[in-house]
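The entries follow in the order in which I checked them.

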Amino acid sequence: MAENRNRNVKPANGKPPVAANAYAINLDNFSKRLKILYSHWNKHNTDLWGASSALAIATPPVSEDLRYLKSSALNIWLVGYEFPETIMVFLKKQIHFLCSQKKASLLAVVKKSAIEAVDGEVVIHVKARGDDGTGLMDSIFRAIYSQTNSVDCDIPVVGHISRETPEGKFLETWDEKLKSAKFELSDVTNGFSDLFAVKDETELTNVKKAAFLTSSVMRQFVVPKLEKVIDEERKVSHSVLMDDTEKTILEPARIKVKLKAENIDICYPPIFQSGGVFDLKPSASSNDENLYYDSTSVIICALGSRYNSYCSNVARTFLIDANATQSKAYEVLLKAQEASISALKSGNRVSSVYQAAVSVVEKDAPELAANLTKTAGTGIGLEFRESGLSLNAKNDRILRPGMVFNVSLGFQNLQTETNNPKTQKYSVLLADTVIVGDKGPDILTSKSSKAVKDVAYSFNEDDEEEEKLKVKAEDNGNETLFSKTTLRSDNHEMSKEELRRQHQAELARQKNEETARRLAGGGAMAADNCGAVKTVGDLIAYKNVNDLPPPRDLMIQVDQKNEAILLPIYGSMVPFHVATVKSVSSQQDSNRASYIRIIFNVPGTPFSPHDANSLKFQGSIYLKEVSFRSKDSRHIIEVVQQIKMLRRQVNSRESERAERATLVTQERLQLASAKFKPIKLHDLWIRPPFGGRGRKLTGSLEAHTNGFRYSTSRPDERVDVMYRNIKHAFFQPAEREMITLVHFHLHNHIMVGNKKTKDVQFYIEVMDIVQTLGGGKRSAYDPDEIEEEQRERDRKNKINLDFQNFVNRVNDLWGQPQFKALDLEFDQPMRELGFHGVPHKASAFIVPTSNCLVELIETPFVVITLSEIEIVNLERVGLGQKNFDMTTVFKDFKRDVLRIDSIPSTSLEGIKEWLNTTDLKYYESRLNLNWRPILKTITDDPQKFIEDGGWEFLNM
C-alpha cells in the first residue's frame, strides 16, 4: 500500500520505452482519449481545470522507488507508455513535446491522429544530449503567448500539477522557467482526477485481470501458506511471507494463472501483520517479527497487483480461536463493508458509501464507532490512490458507471481481555476492488472469501498417520553371514573382520550399559514424551453459555474452533473439551442402527496420563462413558472421525509447541582495535543467502576479537558469528567441486537476513558453473584450450591457498589462552572416506571429518556430530542388493533419526571400517525399520528396554 514506496510505474505493456522501434502507440486509443481530454478540458475548464488555456505536464526521470504520479498516469493513459524526462504542453490548437531523440521517433506517429481528433498540430522539440533545453523551452513559451493572444487573454493561465516536485536538472530548469515566466499558474490535479475516474472497456479489462491475479494469490498461495505455517508451527517472519508473496505475484505461473509476467507488477510490497502490532494506514509495511498465531491471535494480510499498470487490491483478516469480542468486531466490519459496497451505485454521492458503513457500526456496535477508519477507501486505477475519490463523509462527487474503488474498511486499536499481551491489542481490516456498474457494484476480488466460516477457525493440522512397528519376527540370520566377497577373502582379511566383530561386540556391551545408565538416571533423553500437565484453564472450551454455538438439532456436534464436543443430554447440548475424551468408537447392529461409545478420562483409570483436572477435583462426580444410538450411520462415522482427528491435532499441537526453540541472545561483537588488523577473506558468497529483491552481492569475512563478521556493501546485509556459538568449523577446498568454502555449525540459531539457521557457509566459486558455448574466441595458439584449463587450475589453487592462509591464521588465533576452553579448530573433510547417498532429496557426496559426518555442498546441509550418535543401523543389507541405507540414531531419543538412503553397496565395507575405528556401534538389518514408534516404545518403558538387552533386539 505504500504510496511513497512504489517503484517507477511500468508502461502499459510492462516494458520500458527505451527501444523506440520495438513498440508502437495504439493510435485508436490515442485518438479516442485525446478527444476525451480536450472535451473534458473545455467542458469543465472553470470548475476543474482552473480556467487554464494551456496544460504543462512534466514527467520525472526513471526511479527505482515505487510511486504513483499524475504525470506518469497521463503518459500511460494517452500513449500507452511512460516517457521519463519528457515535457508535454497542450494548447487549444497545438500539442508540444520536449524530449530526447528516441522518444521523439516514437511520438512522431501521433501527428496525423492529433489533427484528425482535435485539429491540433503536434510539435516535437528534440533535446540533444548535453543540452539543458532552455532554448526549446523558450520556443514553447512563445507558442503559449501566441495562442493566448489569439483568444484575447492578457496573461496566459497555464495548468500544471503543483504537488509533483521536479526531479533532475532538466525538470528543475523547466519548473524555474515556468514560474519565472509571465504566466498565471493553476493546479489542474482535480481535472486529471476526474478525467481518470471513469474507465473505458480496455481499462476495466486491465483492472479485472489485475484483480483476478490479486484474489488468486490470496486464495491459492497466501491462505494455504498461512495454514501450513500454523499447522507445522513454524517460525516465519512477516518479511519472509512478504517476499514469498511478492515472488508469486510477479510469477503467476506458480499458481497456474495464465497472465504474462512481463505485464505484471506489485502495487506495494505485500503486508503481513500479527502479534498486536497493526497499522491500517496505506503506508504500512511488514516487519521482521515472526508470524504470531496463538489463541485469540489476529493476522492481517493485504496485497495488490498491477496489470498493464492498472492497480487492484485485497485485504483479509484471519482470526485464530477468536473470542466473542473479536468475532463480533469482525462480523460488524464485514456487514459494514458489505453496506459500503452496496452503496456504490451510479447516481449516489461518494459520501453515501462511508455513511452506509457508519450507520451499520452505530447500530450494531456503537462502542466501535470511534475505532472505525476515517474513510471507506479510495478510487483506484493507474494510481493506487486516486486523489479526489476518497470514500469519506465529506466527498460530494457523484458516482458514475466505470468508476473503480478500493473499498477498504477497518477497526484499529481494539482491545480484548486475554492473558497474552500480544493478543490484547488487535485490529481488523477488509478491502476489495469494486467496479461501479450500470446495474450495481461488481466485486472483482470476491474469489478470495471473507465469510466468517472461512477466516475465523482453528487451522486443521495434517497429522501424520500413526506408524506401526515394523520389527520383524522372522529370523534374519546371524551377524556372521557375509557377502561372497568376504567369503572369498584371504585369511588376513578374515582375521581383520574377526577383529572388527570382536570390537563391535565390546562396543555393544559398553553402549547398552551407557544407555541403561542414562535412561535410569531420568535424563532429558528419557523424559516422558506424553506432554506437559494440562491446567484447568487449558480445558475450558467455552467461557460462558453465550459462547456455545446455536444448536441445529439434538445431535452430536464437534466444534473444531473451540475444540469441544457437544452431546445431547436430557434435551440440552452439553459441551465436553476434547482433551477429556479417552477413546471413541462406533459399531452397527443387524437392524442397521449405529452406536457410538465415548469413554472419558476419570480419576483412577489405568494409564490416565497427567490429568491435572481430575486430580484437582477428585471428590467430584465424573461421567465415565456415554453411548448413543442413531439410525444415521453416516453421521456417526463422521463424528467418530472428527473426534479422533481433533484429539490428534490437539495432542500434536501441544507436544510440538513445548518443543519449539527460541533464539538465544548472543554477545555483542567486539571489533578489532586499530592496532590489530582483522583477518579477512574477500569476495565471498553466503549461504543461506540474504533475502530481498535486489541483485545479490559478494561480501568479506573478518575475524575480530570475539567473533566473525560478514558484510556486503549494503548496510543491512551483515552477519555476526560469535566464537562461543561455534560448535564445529569446517574448511573444504575445491577438488572435484566448483566451490571452496568455510562452514560454521552453531550451538544456537542465528538470523541470516530473515532466515533462522544453525549453519552458515561462506564460499567462492573457483570456476564458472555455467559457460557459454561458442561465446568466446578461441586463440589460434591454444586451439585445445590447454592454456585456459591451466588458468582455471591456477585460479582454483590460488583460492584454495587464500582460504588455507585464512584458516591457519584463525587457528592460531583460537590457540590463544582466552579461547582454549572453546576447543575450536577448523576440521577438514577426509574425501578418501566419503561415499555417495541421499540424505534429503538429492544425491550428495557425504564425507567424514575427525568429529563429524558432513555434506556441505548441497542444501540443506548435513552436519552430524559423532559424539551425539547412539548407534548406526545399516538397513537393506543383503545378498543381491545394489544399495543400502544408513540410519543414525541419536542419544537424544526425542530427536528424529537421520537416514541416508541409496548408498552404493560397494561403500559398505568402507563405512563399517570407519564406524568401527571411530568407536561407533553399528547393526545390520535386511529391512528398513520404523524408528519413531521404536524410540517411543523405549522412552515409554525404558526399564523394559534395558531388561530385554537394550539394542540387541537389532541382532534378530
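At what angle do helix α1 and helix α4 pack, and how far apart are their axes? I note before answering that this is a predicted model.

**Entry 1: α1 and α4.** I looked up the pair and found that helix α1, residues 27–43, packs against helix α4, residues 111–118, at an angle of about 40°, with the axes 9 Å apart. Angles under 35 degrees would count as roughly parallel, and the angle here is about 40°, which makes α1 oblique to α4. I then noted the hand, and α1 passes α4 in a right-handed crossing. Listing the contact, I wrote down L27, F30, S31, L34, K35 and Y38 on the α1 side, which meet S113, A114, A117 and V118 of α4. Sorted by class, this contact has seven nonpolar residues, two polar ones and one charged one.

**Entry 2: α1 and α7.** I turned next to helix α7, residues 189–197, whose axis comes within 11 Å of that of α1, the two crossing at roughly 130°. That makes α1 oblique to α7, and the crossing is right-handed. From α1, the residues I36, L37 and H40 meet G191, F192, D194 and L195 of α7. I counted the classes here too, and the residues of this contact divide into four nonpolar, two polar and one charged.

**Entry 3: N313.** Is N313 buried or exposed? I located N313 in the loop between β9 (310–311) and β10 (314–320), and because its relative accessibility is 0%, N313 counts as buried. Its side chain makes a polar contact with the side chain of Y268 at 2.4 Å, and I recorded another polar contact, at 3.1 Å, with the side chain of N406.

**Entry 4: R316.** I went on to R316, which is placed in strand β10 and, at 1% relative accessibility, counts as buried. Which backbone oxygens does the side chain of R316 reach? I found the backbone oxygen of S448 at 2.8 Å, and that of T445 at 3.4 Å from a polar atom of the R316 side chain. Leaving aside residues up to four places away in sequence, I listed what R316 touches, including M218, I300, C301, L429, D432 and K450. I299 is also among the residues touched, and I noted that R316 and I299 are 17 residues apart in sequence and 8.4 Å apart in space, C-alpha to C-alpha.

Conventions:
Residues are numbered from 1 along each chain as its sequence is written. This is a predicted model: local features need pLDDT of at least 70, side-chain atom pairs count only at pLDDT 80 or more; totals for chains, interfaces and linings use all residues. Side-chain values use heavy atoms; hydrogens and water are left out. Axes are lines fitted to C-alpha atoms, for helices over the stretch in contact, and angles run from 0 to 180 degrees between N-to-C directions. Helices (H or I, at least four residues) and strands (E, at least two) are DSSP runs, numbered from the N terminus. Angles under 35 degrees count as roughly parallel, over 145 as roughly antiparallel, 65 to 115 as roughly perpendicular and the rest as oblique. A crossing is left-handed if the near helix is turned anticlockwise from the far one by less than a right angle, and right-handed if clockwise. Contact means heavy atoms within 4.5 Å. Ala, Val, Leu, Ile, Met, Phe, Trp, Tyr, Cys and Pro count as nonpolar, Asp, Glu, Lys and Arg as charged, and the others, Gly among them, as polar. Buried means under 20% relative accessible area, exposed over 50%, partly exposed in between (1.4 Å probe, protein chains only). A polar contact is a pair of N or O atoms within 3.5 Å; within protein, one must be able to donate a hydrogen and the other to accept it, and residues adjacent in sequence count only if both atoms are side-chain atoms.
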